[in-house]
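Good morning, colleagues. I would like to take a few minutes to discuss one structure, beginning with the charged side chains and ending with a pair of helices.

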Amino acid sequence: MTEVTRKKITKWFWILVTLPVAAVLFLILLVWMFADIPSFEELENPDNKLATQVIAEDGEILTTFHIENRTYVSYDELSENLVHAAVATEDVRFYKHSGIDFKGLGRVLFKTILMRNSSQGGGSTITQQLAKTLYPRAEMSRKIPGIYHMHMVWIKLKEWITAVKLERDYTKDEIMTMYLNSIFFGSSAYGVRSAAETFFGKLPSELTIEESAMLVGMVNKPTRYNPAINPDKALVRRNFVIGQMEKAGYFDDLAKESGVKPSHIRDSIRQIPIELDYQVQDHNAGHAPYFRDMVRRVMTAKKPKRSSYSVPEDFSADSLAWATDDLYGWIEKNPKTDGSLYDLDRDGLRIYTTINYKMQKYAEEAVEERISSLQSDFWKDLRSKTNKPFSNDIDEETRDRVMRQARKWSDRYRILKKEGLSESQIFKTFSVPTKMRVFAYNKKGYVDTTMTPDDSIRYYKSLLRTAFVAMEPGTGHVKAYVGGPNYRYFKYDNVRQGKRQVGSTIKPFLYTLAMQEGMTPCTQVVNLPQTFVTATGETWTPRSTDNEKWIGKTVTLKGGLTNSSNNISAYLMSRLGPEAMVDMMRRMGIQSHIDEVPALCVGPADISLWEMVAAYNTFPSRGVYITPLFVTRIEDRQGNVLSEFTNRKREAIGENTAYLMVNLMEGVVQGGTASRLRYRYNLMGEIAGKTGTTNDNADGWFIGYTPTLVAGCWTGAEDRQVHFQSTALGQGAHMSLPTWGIFMKKVIADGTLGVSASDRFVPPAGAFEGLNCTGGDSDASESQQQSKAEEYYFE
């Protein structure tokens, strides 16, 4: 070979070697100069749609607002098994490279591209994968291969540069933390915390070796290797990850401690079956979903406009909330520093609430236990109905109106209307049998069946609804909140959105007025029907609910309330007047519309459970009305406090009046309409409360309180035309009181919640004499003269 030839070969060799390197370096320079590379500030704050956490008072996460169900955890909250599995499987040289693993790229070039051996995996490091996750690639058509591949090269170089910037700005532990927090694991789980909760019901720090291997194995193909969907493929993939961990030496220490080979550790772990505690953490899952939606409604509320309200009292209530409640409309009232508004689904706020995690759990369990049993009673009751589920006394015109309205409110109607079908055409489709999934009280929570849409409407209208809320006297802190029987199928919040006739639960307001005017629980009155002349000149006499043996006798006011006597309530209304009663209700926090009519004494007003429980909270709070408080502070994702909240308190009634009402309402539990709390639920200690049942048994209520907790429950069907035929089954003592009893038994049995049977109502300072009436038969007298025992009990 001549010297000239040798020089030419050497020249071309260096050209061929250096040209690609120079080209890559030139491309990197171009990308660095002109491409949209994330800045360090953007790396600190990636747009990762971080879920907003709704946090219970004890620090437990109740639920989240999210588009992507993602909750960050720190490195200290990660199991080392998880880190080892990720490194062994995804980037075994993670702790040796600076973002780009050139050795790994060489392996990919030679074995994967040249040798066509795809088992060697990709060359992306964990840092590169993080860059790709934080700043996803835009979708691009493959129709023009050359342009597509050039575009991918450009994107890949951007990811390299981003990876290098990440490595320069963060430690390896921080990169690993961001990586595990950013991965999508399938089943609506974004980030390792959501994945651990979804598949194993655990925190990331609690994951075992095989569980960690299972999750890391899903990173590549979250659907293919989802153990709930493809358990066989998931097992193979998990065992592959376990093998990689053994190869990387992560079992060496364990093997030394056990005196066996690492391969034995590997094989023994591979023999462990996959055991899941699988529950998708979507918007329908988790504790307190009704509470979460209520918080959203309050925080995202707009400034009230009169034109948006049909009821003046509702507009007044919301306007007052806008002016005085910092949480109401918080999103609009508290923009970010750049002027934009917070997004509950993306900005990762932390909302700290007053909800007690255990009480919430007990409330949800109590509601589920009682409503499923009560529904069985209702199915039996329906057998006597001619036009199920409507009561037999409902006329055809009313039934047709209710069904027509339900069709118009349905998704089917809206969709078909949008497609251009006429109303008559749409209504015809409601008679065509269709495959559908409907709610059911079984293990799955649903049943797949075939029925007409009209039949499905009737079916859902035959399902009873319920609501439950608990508050703490003295503070007004909301401790538990359940807006319905099942959030997945019944989104309507019956605690705050629903307003129903309150029945006899309205009577304590009238008795409170009587106590304020100088009467006492032992004041005696004659039990006789009362007749009123209405504004139209007609007469109205409340239907007597008393046992015949009481009619014409002199009874105590305590006996009147204990037995929920309409006659005694009517007597008090004749003495005190509806205007004074409405004023008392307003002072105790009732904001809903109330008609100032004599009939108010038997409870025709539509009021929310939320208002009623807050009003009853005045009694154990020693006469002070306290606006319910359910959020104490809001923080941003970095933990900076954005807002803190307190509630407002005002004296609604005197402390003495409040104590007299406690004495009166204890009689209801001790020997009246709520006495089954004693003999059926074995609840001892001091308890006061009131049951309520409305016309035709459409609504059943119970609101009760101890010295340390007040709670209320409402139960009924969606429509008032659907109800129990008999009062024995439809009364509040049967429909709602059991939920309260089940809940309170759980709370007291827990022993850690500050509620016990030894709690006592503390009387105010002053002389209490003569409060020895029981509300029972012993209080009744044949004499129709006012008892001379009626005196004042306070100095």
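Let me begin with D448, which is partly exposed at a relative accessible area of 47%. Please bear in mind that we are looking at a predicted model. The side chain of D448 forms a salt bridge with that of R437, at 2.8 Å from N to O. R437 belongs to strand β4 (residues 434-439) and D448 to strand β5 (residues 446-451), so this pair ties together parts that lie 11 residues apart in sequence. R437 is likewise partly exposed, at 46% relative accessibility.

Two further salt bridges lie within helices. In helix α18 (residues 411-418), R414 and D411 are 3 residues apart, about one turn of the helix. Their closest N and O atoms are 2.3 Å apart. R414 is partly exposed at 46%, whereas D411 counts as exposed at 51%.

In helix α8 (residues 192-200), E197 and R193 are 4 residues apart, about one helical turn, and their salt bridge spans 3.1 Å from N to O. Here R193 is buried, with a relative accessible area of 14%, while E197 is partly exposed at 25%.

A network of salt bridges links E246, R266 and D267. The total count is 32 salt bridges.

Finally, how do helices α3 and α7 pack? The axes of α3 (residues 80-90) and α7 (residues 172-182) are 11 Å apart, at an angle of about 90°, which means that α3 is roughly perpendicular to α7. L82, V83, A86, V87 and E90 of α3 meet M176, Y179 and L180 of α7. Of these contact residues, 7 are nonpolar, 1 is charged and none is polar.

Terms used
Residues are numbered from 1 along each chain as its sequence is written. This is a predicted model: local features need pLDDT of at least 70, side-chain atom pairs count only at pLDDT 80 or more; totals for chains, interfaces and linings use all residues. Side-chain values use heavy atoms; hydrogens and water are left out. Axes are lines fitted to C-alpha atoms, for helices over the stretch in contact, and angles run from 0 to 180 degrees between N-to-C directions. Helices (H or I, at least four residues) and strands (E, at least two) are DSSP runs, numbered from the N terminus. Angles under 35 degrees count as roughly parallel, over 145 as roughly antiparallel, 65 to 115 as roughly perpendicular and the rest as oblique. Contact means heavy atoms within 4.5 Å. Ala, Val, Leu, Ile, Met, Phe, Trp, Tyr, Cys and Pro count as nonpolar, Asp, Glu, Lys and Arg as charged, and the others, Gly among them, as polar. A salt bridge is a side-chain nitrogen of Lys or Arg within 4 Å of a carboxyl oxygen of Asp or Glu. Buried means under 20% relative accessible area, exposed over 50%, partly exposed in between (1.4 Å probe, protein chains only).
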